[in-house]
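Please look over the two chains shown below before reading on.

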Amino acid sequence: MTATDAHIASQSSPDAGPVAAVQPALSIGNVSHSYGPRRALIDVNFTVQPASFTALLGLNGAGKSTLFSLVTRLFGIQNGQIKIFGHDISRTPGEALRLMGVVFQPRTLDLDLSLTQNLLYHAALHGISRREARLRSAEVLGRIGLADRATSKVRDLSGGQMRRLEIARALLHRPRLLLLDEATVGLDVKARADILDHVRQLVTEQGIGVLWATHLFDEIMPGDDLVVLHQGRMLAHGPMSRVIADAGAQDVNTAFMRLTGTATLTGKPPT
Amino acid sequence: MSSTTVTPERSGFSVSEYIVCLNGIVWREALRFLHQRERFVSALVRPLVWLFIFAAGFRQVLGISIIPPYETYILYEVYIAPGLMAMIQLFNGMQSSLSMVYDREMGNMRTLLVSPLPRGYLLFCKLLAGTAVSLLQVYAFLLIAWFWDITPPTIGYLTVLPALVLSGLMLGALGMLISASIKQLENFAGVMNFVIFPMFFASSALYPLWRVQEGSPMLYYVCQCNPFTHAVELIRFALYGKMNWVSLAVVGGCTVVFMIGAILAYDPSRGLVRRGPGGGEA
């Protein structure tokens, strides 16, 4: 409803002013970050549009996690600017964080608490009242097929189920931007595919903008936007087909190797 | 029409959102604590060893004269009980603050810190939650101590509560300040040697300060300057339904200073906060 209206408004009245202008879900502007003398990010620039899937591709140590920490305000920004739907993360972090859901690479669930308890805690952190939080928790657990496990301890879930729970948790406060940092690491092939499908559905059905950090090439699809990060530098940004064409390659794999000059891949998916 | 293009966004937070958030953080901390029985037991065993063994042994060695807030001669066990209550809070504060900064809780800290509420407030809630857990430990200790003839007036169990909240916050904030700003103290052994032991022994927890003064005037002044002494005295007086204004002022003042320092020093990327040229934090 809202997404369609936004689409129509932006198409039918291009001069309708700032209200109709579509803000990028996430914009990273000239961001650099150093740990002491070591430079982890160098002048990174890109945007993630609403209702789009942007894959942030890079090997381990490329700077993906640093970028996530900056976007989520875990680290203070040293240089550059990060905006979420126009809200500067340094100046108005409250507004920015309200619109953002995050799934971190390490598991951040309380293993000894139940699924519902984990969700209620997250809801409380966003100021959602207990009654509303219970309704939403039941709803999201139903959606991820874990309704019957609501009172089990998280410890008893499989890796894939935990990830799904983390995604459900990240969506509990109804954000419009979802960040996932290597969300499929350590999962088997089936669980990986399920998680990826689920996230892609969120993009098409709910118009959520997704930034998906990964080092696994087979998780990227032709329609995706691609950001290639290597040793802190952004080497390419754009629709996947263009990035591949610009690199003069046939597929992402080759394009990535040409761009980064890496001869071997550590990004092979587990089989 | 075009208003539907923008999802309504609010700025700022309502009071109820702040309260919901605080409740949620305290509730989770309490739940986690109840799930960790070993932690509860070890938190209780430590003061009980002091009470059952150390105090029993020293009962004959140390005579206690009548000093406020006590109105009669008291046993040594009765004297050190408030000190042991403060010790529980000291350990709890250091432990939870250390884990907050460096430990495996890092993952959980991330969940906390991506909450849109102001970071300072979130850390305050976390300290309050740690204090709430220390209250459970202290009251469990008081219950066991009651069978050991440490029987303060019934009203004392109530009047000591605000004192415990304040001292718990002070010690938690101190723990966070220390672990966030002094890199060398990132392990618990370091904190034991350089913070917990000196604070505990150079205080009125185990011996009244007038006796310390007789032995070493220098140590007496050190003890007087030790905020832990005032936490112990605040608890001691409150447990007997009385107020020690000096201690209240010291503990209150230190709580504010430590808390502001802790919030400024706390940086999830470890160590002292590094402010970049454009990097102001909330």
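Leaving aside residues up to four places away in sequence, Gly63(A) touches Ala40(A), Leu41(A), Gly58(A), Leu229(A) and Gly232(A), where two residues are in contact if their C-beta atoms, placed from the backbone, lie within 7 Å. This is a predicted model, in which local features need pLDDT of at least 70 and side-chain atom pairs count only at pLDDT 80 or more, while totals for chains, interfaces and linings use all residues. Residues are numbered from 1 along each chain as its sequence is written, and chains are lettered from A and ligands numbered from 1 in the order in which they are written.

**Loop residues of chain A**

- Gly63(A) sits in the loop that joins β3 (53-57) to α2 (64-71) of chain A, helices (H or I, at least four residues) and strands (E, at least two) being DSSP runs numbered from the N terminus.
- Gly63(A) counts as buried because it has 23 C-beta neighbours inside 10 Å; a residue is buried if 20 or more other C-beta atoms lie within 10 Å of its own, exposed if 12 or fewer, and partly exposed in between, with C-beta atoms placed from the backbone.
- Between the C-alpha atoms of Gly63(A) and Gly142(A) there are 35 Å, the two residues being 79 residues apart along the chain.
- Ala51(A), which belongs to the loop between β2 (38-48) and β3 of chain A, has a positive phi of about 55° although it is not a glycine.
- Ala51(A) is classed as partly exposed because 19 other C-beta atoms lie within 10 Å.
- Arg73(A), in the loop between α2 and β4 (79-84) of chain A, is a residue other than glycine with a positive phi, near 70°.
- Arg73(A) is buried, since 23 other C-beta atoms lie within 10 Å.

**Helix packing within chain B**

- Helix α5 (residues 119-146) and helix α6 (residues 154-181) of chain B have axes that come within 9 Å and cross at roughly 130°, the axes being lines fitted to C-alpha atoms over the stretch in contact and the angles running from 0 to 180 degrees between N-to-C directions.
- That angle makes α5(B) oblique to α6(B), because angles under 35 degrees count as roughly parallel, over 145 as roughly antiparallel, 65 to 115 as roughly perpendicular and the rest as oblique.
- The crossing of α5(B) past α6(B) is right-handed; a crossing is left-handed if the near helix is turned anticlockwise from the far one by less than a right angle, and right-handed if clockwise.
- The residues that make this contact include Leu127(B), Gly130(B) and Ser134(B) of α5(B), together with Leu164(B), Gly168(B) and Gly172(B) of α6(B).
- By class, the contact of α5(B) with α6(B) has 11 nonpolar, 5 polar and no charged residues, where Ala, Val, Leu, Ile, Met, Phe, Trp, Tyr, Cys and Pro count as nonpolar, Asp, Glu, Lys and Arg as charged, and the others, Gly among them, as polar.

**Helix packing between the chains**

- Helix α4 (residues 115-125) of chain A and helix α1 (residues 15-35) of chain B have axes that come within 7 Å and cross at roughly 150°, and α4(A) passes α1(B) in a left-handed crossing.
- On the α4(A) side the contact is made by Gln117(A), Tyr121(A), Ala124(A) and Leu125(A), and on the α1(B) side Arg28(B) and Leu31(B) are among the residues involved.
- The contact of α4(A) with α1(B) divides into 6 nonpolar, 3 polar and 1 charged residues.

**Annotated spans and a loop of chain B**

- An unreviewed UniProt entry places the feature "transmembrane region" at residues 43-67, 79-102, 123-148, 154-178, 190-210 and 245-266 of chain B; such annotations may be inferred rather than shown by experiment.
- Residues 123-148 of chain B are 92% helix and 0% strand, with end C-alpha atoms 37 Å apart, and residues 154-178 of chain B are 100% helix and 0% strand, with end C-alpha atoms 36 Å apart.
- Met243(B) lies in the loop between α10 (227-239) and α11 (245-265) of chain B, and it counts as partly exposed because it has 13 C-beta neighbours inside 10 Å.

**Whole-chain totals**

- Chain A has 9 helices and 10 strands, and 47% of its 271 residues count as buried.
- Chain B has 11 helices and 0 strands, and buried residues make up 42% of its 282 residues.
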